[in-house]
Amino acid sequence: MKEIKVEENNIFINWRVEDHGNLKLMHFSSKPFCAEPAAPKSMPESFPFIGMNLSGYDRPYERHGNSYAVTAPGYRMKYLGHTDFRNGQGRRIEFHTLDEETQVHVFSYVQFYDGLSVIRIWHRIENRGKDMQTLEYISNFNYEGLEKEGKLSRDQKMRIMIPHNSWQRELNWKSHTFAELGLFQVQPDSLQRSSNLIRVSNTGNWSTKEYLPMGYVENTETQTGLFWQIEHNGSWHWEIGEHCGHLYLSLGGPNETYSHWFKELKPQDGFETVKAAVGVTAKGFEDAFGTLTQYRRRIRRKSEDNEKLPVIFNDYMNCLWAEPTAEKEFPLIDAAADAGCEYYCIDAGWYADGYWWDNVGEWEASSLRFSEGLKKVTDYIKARGMTPGLWLEPEVMGICCKKAARMPDDWFFVRHGKRVYDRSRFQLDYRNPKVRSYMTGVVDRLVKEYGAGYIKTDYNIEPGIGTEINADSAGDGLLQHERCYLAWLDGLYRKYPELVIENCSSGGLRMDYAMLSRCSIQSTSDQDDYVKYAVIAANAPTGAAPEQAAVWAYPRNHEQKLSEEELAEETVFNMVNAMLLRIHQSGPLASLDERRKHLVKEGIRIYKRIREDIRNMVPFWPLGLADYEDAWVSLGLKSDETAYLAVWKRMEGDRQIELPVKRWIHQGRQVKIDCIYPPESDTSYEYDAERNVIKIQTDKQRMGRLFQIQFLRR
């Protein structure tokens, strides 16, 4: 038996090569390995490093149900060797394993990142045998023994946080015991082999329409946590189940059971999995998200946009609602420039003479909406000192688009011999080089003819399980398309390195780090109620780095009579929603009264002062992650010397809130707190040094405030 022990960046990992050659992952934690509770209790199939199903091979006698608890030949992969070296990111370990019967080889890549308690992991499979093999499933990360630290029963000590996600209700985290989700312990550890599991999946091209591809598991007895994100823009799956008396976690991309995916591997064929990040903490979920934030900054494309954080005005939300005309745009352009915006994006509708939804695809400017040409408007945007932007939905063609009728079926997703429809659109297939060439030509025209330096790419359909054309399975066609779409984005960035491309999918329905490792900015929601948006804004740094998370700020005119003070407070609340993230300014700026125009301008001015800090800070939540039932919510960003704290009162509730801050205020430092927005604030606040809390008090029903906290050396 051979032990491979790694301690790197406060991650403790133990692999074991058994006498019969099997490679096992025995330990992955923020604490060192204790071998006794990790003993394989009854089966040699425990602790497999790789989960992999090939068609036609027997899985041992576990109660599998629909789980991937024991996979074949995953459980019998033999260790052939490994290399351990350093590259520009940190340490890297590469394993080589083999299934002797099929002659399928797996190369596993474990990348560390200096100073961060997180790894990135993926695998490459090669069929070096004589027979074709059908790959039904392979995990990115497979770890058994989640519960093994501590003495309490797992029902007492284990909790999981799951990020629910949906249209206008994104980033909605919920915490559960395992028992609450049905994974009770019903037998002694050595006998427990349930068919039940905790399972979170996505099937389709909207990668985050129900959940973010993330999770956080905590052992409340030992204060250890494990967190992950699957970095894929399509179908993915993770599960927690039981095997050999232990709880296991398995992460992966598409699979046959849940995603209609399988891949035929002919002799000499290969396949590479999607990537996943897995990290550990001994300090709780805030530390986990701080690590994940820094990791996200390491893996993404270098972009000036994420360094400078320019302010974007977009004419859609609570503003033109996809009905742009030259006459409407000019006063908004002036108002946006006067407020201090740096990009001006004309959203949907600019290409349609009438109804804009179902004729997308040709991307020619409407002469009815812009009688003197769209270029006159984009030139005026530039004359006012802003960079023009345009909305584009590059993966679809509307059913009324004339070009769609002329193109062959292999331009589109097809199932059962018919083009796939959703919401009056066809799904383009980016595996087809003619599709990619056509859409590159569209972007070329927008950049060269209109001077577009900002493209808002939207995506408003769900084409389902995939396409049957030129694919082993519908899911295989989908995965190939998604990888070709990412490659197309990479090509655009090589061609236009300064181009800013926003990732939007009906708001935040494709908020994943396959996309966000490329696109510098992410739409977090289509939520048009600013009070509800505060919850999304507060939780936004869980799904994206703060400087990538775009949040709408849209002060509005009202039909009902509101007082001057109520209108001002609404404007401030709106601005605070966005000021620790990326400002997506909107709303009818041109027709606001002077006081509200000043509040918008002042908010943008203060944002420009602090944005250089935002790009390097990590998030914290004094009141915990926000929920829609909460009257008070908060979000903070911190560095060693400074913190910024957004606090919202969303509804009637307690007049005073106390925000515990002990865990992130440095010992031996004096604390200075100031309300920086709005500068003229009547809100009562103080720092109680004895109790380490910030007290905020107001009589207002709704309120948003932004504070700066400085840690002063004595």
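1. A residue is called buried when its relative accessible area is under 20%. In this predicted model, Leu499 has a relative accessibility of 6%, so Leu499 counts as buried.

2. Where does Leu499 lie? Its place is the loop that runs between helix H10 (474-495) and strand E29 (500-503). Leaving aside residues up to four places away in sequence, Leu499 touches Arg301, Val443, Val447, Ala452, Gly453, Tyr454, Ile455 and Tyr493. Between the C-alpha atoms of Leu499 and Asp305 there are 8.9 Å, although 194 residues separate the two along the chain.

3. The largest nonpolar core has 138 residues. The members that touch the most others are Tyr344, Trp350, Tyr351, Trp363, Leu446, Trp648 and Tyr677. Helix H11 (residues 530-543) contributes the most to this core, with nine residues. Another core, of 54 residues, lies apart from it and includes Ile13, Ile125, Ile160 and Leu183.

4. Trp350 deserves a separate entry. Not counting residues up to four places away in sequence, its contacts are Pro324, Trp363, Glu364, Ala365, Ser366, Arg369, Phe370, Leu374, Leu390, Trp391 and Leu446.

5. Helix H12 (residues 564-578) has 15 residues, which at 1.5 Å a residue should span 21 Å. The C-alpha atoms at its ends are 22 Å apart, in agreement with that value.

6. Is H12 mostly covered or mostly exposed? H12 is mostly covered, with 12 of its 15 residues buried. The buried residues of H12 are Leu567, Ala568, Glu569, Glu570, Thr571, Val572, Phe573, Asn574, Met575, Val576, Asn577 and Ala578.

Methods:
Residues numbered from 1 in each chain as written. Predicted model: local features only at pLDDT ≥ 70, side-chain atom pairs only at ≥ 80, totals over all residues. Heavy atoms only, no water. Core = buried A, V, L, I, M, F, W, Y, C linked by side-chain atoms within 4.5 Å. Buried < 20%, exposed > 50% of the residue type's maximum accessible area, 1.4 Å probe, protein only. Helix = DSSP H or I, 4+ residues; strand = E, 2+ residues; numbered from the N terminus. Contact = heavy atoms within 4.5 Å. Expected span 1.5 Å × (residues − 1).
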